[in-house]
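Welcome! Let us take a walk through this structure together, one part at a time.

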Amino acid sequence: MYNKILQIKSIEHLNDAYFVIGIELGESALEILPGQFFEMKRPEFAHPMLRKPISVYDVQGSTVFFMVKKLGKGTQQLSHLKAGDELDVLGPLGNCFPVKDGSMAILVSGGIGYPPLFYLKKQLETAGKTVYWLHGGRCNDDVFPADETWTDDGSCGKRGFVSDGLSAYLENVTPDVIYACGPQQMLKAVHQLAEKHQVPLYVSLEEYMACGIGVCHGCAVKVKTDCEIGVTYKTVCKDGPVFDSREIVWE
Ligand SMILES: Cc1cc2nc3c(=O)[nH]c(=O)nc-3n(C[C@H](O)[C@H](O)[C@H](O)COP(=O)(O)OP(=O)(O)OC[C@H]3O[C@@H](n4cnc5c(N)ncnc54)[C@H](O)[C@@H]3O)c2cc1C
Ligand code: FES
């Protein structure tokens, strides 16, 4: 695991909101699995104090890429990086998407749920699976290549929620598995559809995080157990971020 300051190899701005950072990790890059993430910050800034969790978007040779959306201070600071600048990174962290038996997988992403599914798609296609990807976002800037795209405002692709697209698609096709990453309400809607059609679903949760290593419990998520109370908590950073959707208590 890396817990060090590394130099940025590349930064590419995709549009006003999104950019892709590349860092060189040597041979260990090849061991990184889809769903895993790194925590990162610019070492020269005292605020924000904590590193920000960002999923692995792609691995090409020994270079690892992260696709980031500018939101608040931490991601704004990352967006001003230039090749050669320093980045404080911790990772790879978390578990990964399980690759299941069967030949057909559906991917469903919303907004910044796109990056981990991009890397997963590569892994699934290498394993010979057929993949159909539905991606949704608020507007044009949030949309990236997929088989089907949706926007809330209709500025790109179809107007509506990506879960509407999934609902229609599942009327005609029964996949072996669904993988999803995006906002909580989108994941809940995808979970309900997966249950209706009895398809296994694995979700990657993007909760708020602090330590990123299972110590602070700042990223706790409610899950079902067999015990008397019926629920307990798991940490998204250490037990996740990928969970079987049937395990989660969807509220
Ligand atoms: C496991 C994991 C993987 C992630 N992968 C990516 C990725 O690949 N690319 C990417 O761009 N982002 C990703 N995120 C989200 C990213 O970590 C946050 O956008 C980032 O921490 C925001 O930091 P900030 O300092 O820019 O904004 P802040 O000042 O911390 O927040 C700005 C605004 O965004 C909201 N916000 C911050 N974090 C979250 C969150 N996790 N969920 C919902 N709202 C939030 C805040 O409430 C606030 O309104 C991931 C998060 C997790 C937990
Ligand atoms: S962020 Fe601290 S336990 Fe997950």
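## A guided walk

Our first stop is the hairpin of β14 and β15, where 6 residues lie between the strands and G230 takes a positive phi near 90 degrees. Please keep in mind that this is a predicted model. To follow the pairing yourself, look for A220, whose bridge partner in β15 is T235.

Now step back to the chain as a whole. It is divided into domain 1 (2-93), domain 2 (97-205) and domain 3 (207-251). Between the C-alpha centres of domain 1 and domain 3 there are 25 Å. The contact between these two domains is made by 8 residues from domain 1 and 7 residues from domain 3. On the domain 1 side, β3 (37-41) and β7 (86-93) are the elements that give two or more residues. That side of domain 1 is made up of 5 nonpolar, 1 polar and 2 charged residues.

Next comes the sheet. Strands of a sheet pair through backbone hydrogen bonds, in a parallel or an antiparallel way. Here, 7 strands form an open sheet with antiparallel pairing, and their order is β4-β3-β7-β1-β2-β6-β5. Why is one side of β4 (52-55) and of β5 (58-60) left without a neighbour in the sheet? Both strands stand at the edges and each has a single partner strand, so no neighbour is there on one side. From one strand to the next, the twist averages 40 degrees.

Within this sheet, β1 (residues 2-13) and β2 (residues 18-24) run antiparallel and are joined by 5 bridges. One pair to look for is E12 and its bridge partner in β2, V20. Helix α2 (residues 114-126) packs on the sheet, where this helix touches β4, β5 and β6 (63-69). The direction of α2 makes about 45 degrees with that of β5.

Our last stop is ligand 1. Which residues are the closest to ligand 1? They are K52, S55, G72, G74 and T75, out of 21 residues that surround the ligand. The elements giving two or more residues to this shell are β4, β6 and α1 (73-79). Of these, β4 gives the most, with 4 residues. Sorted by class, the shell holds 12 nonpolar, 4 polar and 5 charged residues.

Key:
Residues numbered from 1 in each chain as written. Chains lettered and ligands numbered in written order. Predicted model: local features only at pLDDT ≥ 70, side-chain atom pairs only at ≥ 80, totals over all residues. Pairing = 2+ DSSP bridges. Axes fitted to C-alpha atoms, helices over the stretch in contact; angles between N-to-C directions. Domains from an automatic or database assignment. Nonpolar A, V, L, I, M, F, W, Y, C, P; charged D, E, K, R; others polar. Near = placed C-beta within 6 Å.
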